[in-house]
Amino acid sequence: ASRYQGGSMDRLNTTYLDLSTAAQIHEAFFEDELVPSVLLSDFLSIDFLPIVKKEVDLLSFTIDDAPLYHSYHVADLPGALAELFGSSAFLDFVSGVVGKKVIGVDAKTYLFSSGDYTLLHDNVVQKPGIDLVLDLTAGWNADFGGSVVYVDGNGEFKSIPPASNSLTLAERKGCAQKFTQYINHLATKKRYLILGSLRVHA
């Protein structure tokens with residue numbers, strides 16, 4: 001369990017708890033018709049972020065390598081984030097952003113390094129849903145690869161720029177799919193991402 005003593009509200013950047021800001025985020029989410037989405041910078045509070053990163057450093061990762069599909073290391077969520085994602089404050093916040101009743105989050109911690117990737121494959125079609133991407137990698141250069149990219153099947157794509165301590169919510173509609181770009185030999189560090197999906201009340 002997390003040793004963080006603050007409440008759920010203290011774990012988020014207070015900017016995002018303002019009602020007028022929340023309304024603006026909700027509007028911004030729907031501006032992109034291809035992939036309704038929003039990237040929220042500096043999402044976790046400055047007190048909570050170091051606790052999360054410390055817990056990530058202590059996680060036990062296992063390699064998941066299926067050459068035709070993906071290559072990365074994966075672990076469970078750190079306890080601090082599992083608690084946050086299960087809190088009513090967080091679920092109410094993301095519900096307000098996406099305009100749907102979110103009842104839970106299914107997510108894991110991913111570690112990508114040079115040579116890692118995920119691929120789109122005809123045998124694995126992602127069902128429509130709302131993705132959560134929490135970037136925990138400071139100083140990542142987009143030239144290394146490793147960006148999360150959304151494609152619509154018609155040649156259109158949207159790439160999420162790397163930004164440490166950013167939360168992206170993105171809705172895959174219709175044929176939209178996502179993948180993580182190949183990380184090339186220029187990468188001199190490891191990339192940590194929390195990747196998951198929102199469970200929405202039917």
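Predicted model: local features only at pLDDT ≥ 70, side-chain atom pairs only at ≥ 80, totals over all residues.
Buried, in what follows, means under 20% relative accessible area.

Helix α4 covers residues 88–98, and eight of its eleven residues are buried, so the rest of the structure largely encloses the helix. The buried positions in α4 are A89, F90, L91, F93, V94, S95, V97 and V98. After the helix comes G99, which has a positive phi, near 75°.

Y16 is buried, at a relative accessible area of 10%. F93 is buried as well, at 8%.

The other pair I want to show is F43 with F90. Here the ring centres are 6.3 Å apart and the planes stand at 80°, so the pair counts as edge-to-face. This pair also links distant parts of the chain: F43 is in the loop between β1 and α2, F90 is in helix α4, and 47 residues separate them. Both F43 and F90 are buried. What do these rings belong to, taken together with F85? Y16, F43, F85, F90 and F93 make up one aromatic cluster.

Next, the empty space. Rolling a probe the size of a water molecule over the atoms shows where such space is left.

How many cavities of 30 Å³ or more does a search of the whole structure find? The search returns one. The volume of the largest cavity is about 60 Å³. Its lining consists of L39, V133, D135, V148, I160, P161, P162, S166, T168, R191 and L193. Strands β6 (129–135), β9 (166–172) and β11 (191–200) are the elements that contribute two or more residues to that lining. By class, the cavity lining divides into seven nonpolar, two polar and two charged residues.

Now the largest pocket, which has a volume of about 570 Å³. There are 23 lining residues, and the closest to the pocket centre are Y72, Y110, T118, Q126 and K178. The elements giving two or more residues to the pocket lining are β3 (70–75), β4 (102–112), β10 (177–180) and β11. Which element gives the most to this lining? That is β4, with five residues. The pocket lining has eleven nonpolar, seven polar and five charged residues.

Strand β7, residues 148–151, is joined to β8 by four bridges, and the two run antiparallel. For V151, the bridge partner in β8 is F157.

To come back to where I began: α4 is largely enclosed by the rest of the structure, and its F90 and F93 are members of the aromatic cluster.

Terms used
Residues numbered from 1 in each chain as written. Heavy atoms only, no water. 1 Å grid on protein atoms, 1.4 Å probe; cavity = no way out; pocket = protein on both sides within 12 Å on 5 of 7 lines; lining within 4 Å. Points joined across faces, edges and corners; volume = space filled by probe spheres on them. Nonpolar A, V, L, I, M, F, W, Y, C, P; charged D, E, K, R; others polar. Pairing = 2+ DSSP bridges. Buried < 20%, exposed > 50% of the residue type's maximum accessible area, 1.4 Å probe, protein only. Phe/Tyr/Trp six-rings, centres within 6.5 Å; stacked < 30°, edge-to-face > 60°.
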